[in-house]
Amino acid sequence: MHACHGVLKQERTVGNDYVVNVSVDYPFEPALESDDVSDTLNYSLLAEIVKREMALPSNLLEHVAGRIARAVTSQFPLTESVTVDIRKIAPPFSADCDGAGVRIKI
């Protein structure tokens with residue numbers, strides 16, 4: 001996904017490509033038996049949270065990850081923990097790497 005995060009003005013103007021992974025520990029047991037979507041996490045809504053928070057520019061990926069995690073726990077109060085991993089594909093520094101990013105768990 002493309003977003004405009006970073007300390008440098010160019011990053012906030014031009015943006016960069018990111019990979020965002022969110023893992024949620026949630027009480028899925030009711031859905032195992034019921035096969036009813038109301039008994040589980042709404043993955044479409046989870047994706048919308050990520051999309052919405054990634055659209056708000058920030059200097060730090062840590063800040064974006066924190067916003068995503070807090071939004072998930074707010075939207076889904078039964079959440080036991082959430083891990084957010086955000087990786088900037090082409091960070092603006094000279095290094096031979098597959099990107100740079102953060103992973104937080106709350």
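Helix 4 packs its buried residues against strand 2 (16-25), helix 3 (43-54), strand 3 (81-88) and strand 4 (100-105). Helices (H or I, at least four residues) and strands (E, at least two) are DSSP runs numbered from the N terminus; buried means under 20% relative accessible area, exposed over 50% and partly exposed in between (1.4 Å probe, protein chains only). The model is predicted: local features need pLDDT of at least 70, side-chain atom pairs count only at pLDDT 80 or more, and totals for chains, interfaces and linings use all residues. Residues are numbered from 1 along each chain as its sequence is written, and side-chain values use heavy atoms, with hydrogens and water left out.

Among the buried residues of helix 4 are Leu61, Val64, Ile68 and Val72.

Strand 3 has seven of its eight residues buried, so it is largely enclosed by the rest of the structure. Strand 3 pairs with strand 2 in the antiparallel sense over eight bridges, where pairing requires at least two DSSP bridges between two strands. Val82 in strand 3 is the bridge partner of Val24. Strand 3 also pairs with strand 4, again antiparallel, over six bridges, and Asp85 stands opposite Arg103 in strand 4.

The structure holds two aromatic pairs (ring centres of Phe, Tyr or the six-membered ring of Trp within 6.5 Å; planes under 30 degrees apart are stacked, over 60 edge-to-face, the rest tilted). Tyr26 and Phe28 form a tilted pair, 5.4 Å centre to centre with 55° between the planes. The rings of Tyr26 and Phe76 have centres 6.5 Å apart and planes at 85°, so this pair is edge-to-face. Tyr26 and Phe76 are 50 residues apart, and both are buried.

Technical notes:
Contact = heavy atoms within 4.5 Å.
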